[in-house]
Structures are given as C-alpha cells and as structure tokens.
Amino acid sequence: MEMAQQEAAAFGKTKDGREAHLYTLENANGMRACVTDYGAALVSLCVPDRDGHLRDVVQGYDDVSGYEKGDASMGASVGRNANRIGGASVEINGTVYGLDKNDNGNNLHSGLSFYHKRLWKAEEYKSSRITFLLHSPDGDQGYPGALDMHVTYTLDDENTLDIHYEAVPDQDTVINMTNHSYFNLNGHDSGTALGHKVTLYSDSFTPADEQSIPTGEIRSVDGTPMDFRGGKVIGAEIDSDYEPLKFGCGYDHNWVLKNNGSFDKVAEVVSDGSGIVMEVYTDLPGVQMYTANFLAGEPGKAGASYGKRSAVCLETQYYPDAVHHDNFPGPICKKGEKYDTRTAYRFLTVK
C-alpha cells in the first residue's frame, strides 16, 4: 500500500532564506530516487549493480546551495525551452519575442531566469511518485502565454524512473522541456564515463555551427563518428578530426529519433564497470547526447569532484533552434492544447 502522503526531508535554505526539500522515492527492489523542489531536479538515483549493491548513478550536490551556485544544470528540469535558440528571439504568429542572450548572443535553456533555479511546489508525494508544479506567467523568460508546468517523477518496480511533463498554455508559445541529468553508471564519483558503451537508435543528426546552433541540415551518421547504431564506446571516436566534434569539444549534438512520436526505446547505455545498463524511452523527436565536455572540477556530492567527460547526458527534446527551421518538428504548443510528454530511464544489469 502506498502511503497517502510522505514527509519531505530538509535540503537547506536558498540565499533568500526559503526552505528547499528533498523527496525520496523507493521501489520494491530497493532502488531509490531523490528529487528536490528546487528546480524539480533529480539529486540522486541509487541503482542495484550486478552484485546487488546500490550505486548512485547521477551527479549532483549535497544541498540546495550547490544547485543555486552550479551552472551545469545538474539533474535539472529545464524549460520553458531546453537547449538553444539562435539569435535569442522567436517569432510566433507574426510577433517577435526577445529572449535573454546568455550563450554567445543566443538563448540557452531559456536564459537567466531558469526554471531550474526556482522553487517548485510539491503537489503530491507518495512512496513512488512526486509531482512538482511551477506557475509560469505570461511574458516569463520573454515567452508569450501563462501556463502551469507539472513534472511528475514515478519510480516503478521494473526499475524505471518515468518523468512526465504536462502543461496547457493560454497563448500559443514554445514549450520544450527536458531533464538534464549527468549519468555515470559506475557511480557519480567514479571518474570518466568514456568507457560507457552507447547505442542511439538514430540514422541522422543535426549538425551545428561553432556556437552549437543547428544549420538546418539533417545529416546521415553513415561513415561518421556520430554513428552509434551498433553500440560504441563513448571514447572511441570522441576526439576524431571531424568538424562537429571539434565545434562541440566532444559529443554535444542532437540525434534525430525514429520513434515517430510514439513512446519507445531510443537509446541504451552500458557501463564498463558496474554491470548497470540504462535504457532511454521517450515520445519526443530528438535526443541531445552531451558528454560533460565542459565540467572542470565541479564540486559535487559527498566531496566528489566532477571532471571533464565524467558523465553522459541524454536530453530528450525538440531539436535545438527548431523555431527557426521549418524542416524540424516544431515546439510550438497552441493555446488550450495540452503539452504532454514522457521520458523514462530503465535500469537493468548484465554480468
């Protein structure tokens, strides 16, 4: 029986004195997920390894002050629009809306008033599920339309952490949420993730310029270091003499998924030490694989220091800068229509 309502733990105070909380979800196998109302962020994910020992496979911080200070979006619920918008402006129904220029004159993760730097409201908390609510008013981050964004984390007995996003805007607007967890399946503090083997169910990717803004091209992965269809160790070709990899300082690109809007398996990561395997499922059209190329001694949980390429992010999404490319699936959510999307991370082990 699920408890009707659980009690949250203290997670420190924000700079302006507000209390943050930590919510623990647990399943029948002992797997645990801890999430905070600050940024609706995933703080820890303790998964059984091949020997049955729990390993925390996501990077993060000990308390809310780490999330306030950190600029790597660790575990974050990113919105209203994840990833980049070129030129930091978007045109909707003939009106141009200016956004924060926080990344080389472009807009990254919706600018300076980030969703993941705010306290969300915990609406429902049970032993295996938590829903967070953030009210985003008209004009928030420069976007038109007010909405209530709900993010629900559910941990089931199949060792799947499901993240469900729901909102209904009162004007046509951009909505493109993602989760920005940094995964290391050997443990959050175990050094490089370059030995992890990744499979991406994708035949093509969206090349970008030196500022990581897509050119509009959809390019086949055939014969390139971007081909992960057969499974490949991250470190095998990450430093190849290939322009997209040089621009991104490694993998930091959007792959075009083949799920056709259906909730389906789109990626898999196999650890090189713990025996832990992570499957990624989504109904979204793209996934950004980011190999933590810009981490540099980030102070993390329990005294950990997170270095370059110490994790891999798999951020499900609409393609970056989709608002400026008619050939990309569009992230515009119409007035009164429901934004409703799910991404899940399922964990199993191999010997």
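A pocket, for today, is an open set of grid points with protein on both sides within 12 Å along at least five of seven lines, and its lining residues have an atom within 4 Å of a point. Keep in mind that this is a predicted model.

Let's start with the largest pocket. About 640 Å³ of space lies in there. Its lining counts 30 residues. Nearest the centre are Asp 71, Arg 84, Asp 103, Leu 108 and Phe 294. Two elements, helix H2 (243-248) and strand E24 (286-290), each give two or more residues to that lining. By class, we have ten nonpolar, twelve polar and eight charged residues.

Next, the second largest pocket. The space here is about 170 Å³. Of its 14 lining residues, Leu 284, Tyr 318, Lys 338, Tyr 339 and Asp 340 sit closest to the centre. Strands E28 (332-333) and E29 (339-349) supply at least two residues each. E29 gives the most, with three.

How many cavities of 30 Å³ or more does the structure hold? Four.

The largest cavity has about 80 Å³ of space. Its lining includes Tyr 38, Tyr 61, Tyr 67, Met 74, His 116 and Lys 117. Six lining residues are nonpolar, four are polar and one is charged.

The second largest cavity has about 60 Å³. Among the residues lining it are Arg 84, Asp 252, His 253, Asn 254 and Gln 288. Strand E21 (residues 252-256) provides the largest share, three residues. This lining divides into three nonpolar, six polar and two charged.

Technical notes:
Residues are numbered from 1 along each chain as its sequence is written. This is a predicted model: local features need pLDDT of at least 70, side-chain atom pairs count only at pLDDT 80 or more; totals for chains, interfaces and linings use all residues. Side-chain values use heavy atoms; hydrogens and water are left out. On a 1 Å grid over the protein atoms alone, a cavity is a set of points where a 1.4 Å probe fits but cannot get out, and a pocket is an open set with protein on both sides within 12 Å along at least five of seven lines; lining residues have an atom within 4 Å of a point. Grid points are joined across faces, edges and corners, and a volume is the space filled by probe spheres set on the points. Ala, Val, Leu, Ile, Met, Phe, Trp, Tyr, Cys and Pro count as nonpolar, Asp, Glu, Lys and Arg as charged, and the others, Gly among them, as polar. Helices (H or I, at least four residues) and strands (E, at least two) are DSSP runs, numbered from the N terminus.
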